[in-house]
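Let's take a walk through a protein chain together.

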Amino acid sequence: MPKRAEKPEWTRVAEEFEASGQTQREFAESRGLRLSTLQSWVYRRRRQVSTEAEPPVRLLPVQMSGAPMAEGMPLEVLTVSGARVRFASDTDVDYVARLVAALGRAAC
């Protein structure tokens with residue numbers, strides 16, 4: 001590979017590494033690449049892919065219906081896709097938001 005490869009070339013190399021099943025060291029040695037350069041491009045690609053894959057979670061205001069909740073009563077979220085998620089009232093809100101977002105992605 002030329003010394004000054006362009007970004008698309010390095011992105012392709014990072015993708016090939018991900019598919020190779022090799023360690024970064026093995027892959028770099030087999031291709032005659034500097035390990036640190038490969039690591040840098042693999043990191044960039046993973047960061048880009050994770051940013052593209054996860055849309056920001058948007059929480060909407062809710063309206064409670066019915067009588068006040070009894071202590072320990074489970075809460076429920078019904079997603080647009082129809083998935084119903086029940087969880088304890090003391091469950092971490094960020095966890096529930098990530099779970100609902102993941103269910104939304106899985107439904108697509």
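What follows goes from the whole chain down to a few single residues.

## Before we start

This is a predicted model, where local features need pLDDT of at least 70, side-chain atom pairs count only at pLDDT 80 or more, and totals for chains, interfaces and linings use all residues. Residues are numbered from 1 along each chain as its sequence is written, and side-chain values use heavy atoms, with hydrogens and water left out.

So what is pLDDT? It is the predictor's confidence in each residue, from 0 to 100. Here the chain has a mean of 80, and 77% of its residues reach 70 or more. Confidence is highest in helix H2, at 93, and lowest in helix H4 (residues 93-107), at a mean of 78. Where pLDDT is low, the predicted coordinates should not be read in detail.

## The whole chain

You can find 4 helices and 2 strands in the chain. Both are DSSP runs numbered from the N terminus: helices are H or I with at least four residues, strands are E with at least two. Starting at the N terminus, the order is α-α-α-β-β-α.

How many of the 108 residues count as buried? That would be 15%, with buried meaning under 20% relative accessible area, exposed over 50% and partly exposed in between (1.4 Å probe, protein chains only). As for contacts (heavy atoms within 4.5 Å), take those between residues at least 6 apart in sequence: 32% of them join residues at least 24 apart.

## Where H1 meets H2

Two packed helices are described by the angle between their axes and the distance between the axes. For helix H1 (residues 7-20) and helix H2 (residues 24-31), the angle is about 125° and the axes are 10 Å apart. The axes are lines fitted to C-alpha atoms, for helices over the stretch in contact, and angles run from 0 to 180 degrees between N-to-C directions. H1 and H2 are therefore oblique to each other; under 35 degrees counts as roughly parallel, over 145 as roughly antiparallel, 65 to 115 as roughly perpendicular and the rest as oblique.

Which residues meet? From H1 come Val13, Glu16, Phe17 and Ser20, and from H2 come Gln24, Phe27 and Arg31.

Arg31 sits in helix H2 and counts as partly exposed, at 42% relative accessibility. Arg31 and Val13 are 18 residues apart in sequence, with 9.6 Å from C-alpha to C-alpha.

Gln24 is in helix H2 too. Beyond its neighbours within four places in sequence, Gln24 is in contact with Phe17, Leu35, Leu38, Gln39, Val42 and Arg46.

Arg46 belongs to helix H3 (residues 35-53) and is partly exposed, at 43% relative accessibility. Not counting residues up to four places away in sequence, Arg46 touches Phe17, Glu18 and Gln24. Its C-alpha atom is 9.5 Å from that of Glu15, 31 residues away along the chain.
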